[in-house]
Amino acid sequence: MTKLALAIRHVHFEDLGSFRPALETLGYRIGYREAGLDSFADPALMDADLLVVLGGPIGAYEEASYPFLSDEIAVIERRLAERRPIIGICLGAQLMARALGARVYPGGVKEIGYGRLTYTLEGEQVLAPVAEAGAAVLHWHGDTFDLPTGAVRLASNTHYENQAFALGDYALATQFHIEATAAGLERWFIGHTLEIATTEGVDVPALRAQAAQEGPALESAAGETLKQWLRVGAPV
């Protein structure tokens, strides 16, 4: 029977990226639900074999401006409570942290661009293909979160102690964009043009050059990391 992977998408250009071919290789049928448009009462969000909560340029704490966040966090909380496989990326990781009762807040440094991580022993196992390849990951965030109670820290860098965490064998959260592809970033450069223009030391040519240099290794390793996690770290 075909497995179903659903992704919650907040902006159209931040999609599954390199995760899509990896999921298709494993036989998953893929669908999207659009935050702010589609209902979070959709039972498929709970029934899906895998839920991926993608990134977006809003804060996980901005329910006053984006009321759908309350319903989205409730879905995440239910999947976590039922130990249903879930992955959160950037905003998705922050929403997972909130659903687990942790604080999400503006950080002291905005990170935009590729950079390497320091992995914990657990991180070296859960994120093994990326860690072993020494691949740089894409950072694109200004917020951060406290490590949720019961979660295991997987990775850090000089700016933020909590760059990734896992909960049991069913939940994985990465503050960084593990799924990003160099080709896909061309749409990010358009969609995030104002943020790029107003962030000191960041510009499109430099980001494009980073993506060309670092992107291929990340794309390959990210797909393998997802396949490893689905086969070993989460029930499917």
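Me: In which sense do β3 and strand β4 pair, and over how many bridges?

Reply: Strands of a sheet pair through backbone hydrogen bonds, either parallel or antiparallel. In this predicted model, β3 and strand β4 (residues 86-89) pair in the parallel sense over three bridges. Two strands count as paired if DSSP finds at least two bridges between them. Strands (E, at least two residues) and helices (H or I, at least four) are DSSP runs, numbered from the N terminus.

Me: What joins strand β1 to β3?

Reply: Strand β1 (residues 3-9) and β3 run parallel and are joined by four bridges. Here L6 stands opposite L51 of β3. β1 also pairs with β2 in the parallel sense, over seven bridges, and R9 stands opposite E34 in β2.

Me: What is the order of the strands in the open sheet?

Reply: The open sheet has eight strands in the order β2-β1-β3-β4-β10-β9-β8-β6, and its pairing is mixed. Its edge strands are β2 (28-34) and β6 (118-119), each of which pairs on one side only.

Me: Are the faces of strand β3 covered or uncovered?

Reply: In a regular strand the side chains alternate between the two faces of the sheet. Strand β3 (residues 50-53) has both faces covered: L50 and V52 on one side, and L51 and V53 on the other, are all buried. Buried means under 20% relative accessible area, exposed means over 50%, and partly exposed lies in between (1.4 Å probe, protein chains only).

Me: Which handedness does the unit of β3, helix α3 and β4 have?

Reply: A crossover is right-handed if, with the strands pointing away from the viewer, the path from the first strand over the helix to the second runs clockwise. β3, helix α3 (residues 68-81) and β4 make a right-handed β-α-β unit.

Me: Where is R83, and where is C90?

Reply: R83 lies in the loop between α3 and β4, and C90 is found in the loop between β4 and α4. R83 is not a glycine, yet its phi is positive, about 55°. C90, also a residue other than glycine, has a positive phi near 55°. R83 is partly exposed, with a relative accessible area of 48%, whereas C90 is buried, at 4%.

Me: How much space lies in the largest pocket, and which residues are closest to its centre?

Reply: Rolling a probe the size of a water molecule over the atoms shows where empty space is left. On a 1 Å grid over the protein atoms alone, a pocket is an open set of points where a 1.4 Å probe fits, with protein on both sides within 12 Å along at least five of seven lines; lining residues have an atom within 4 Å of a point. Grid points are joined across faces, edges and corners, and a volume is the space filled by probe spheres set on the points. The largest pocket holds about 250 Å³ of space. Of its 19 lining residues, G56, P57, I58, H141 and G142 are the closest to its centre. β7 gives the most to this lining, with four residues.

Me: What conventions apply to the numbering and to the values?

Reply: Residues are numbered from 1 along each chain as its sequence is written, and side-chain values use heavy atoms, with hydrogens and water left out. As the model is predicted, local features need pLDDT of at least 70 and side-chain atom pairs count only at pLDDT 80 or more, while totals for chains, interfaces and linings use all residues.
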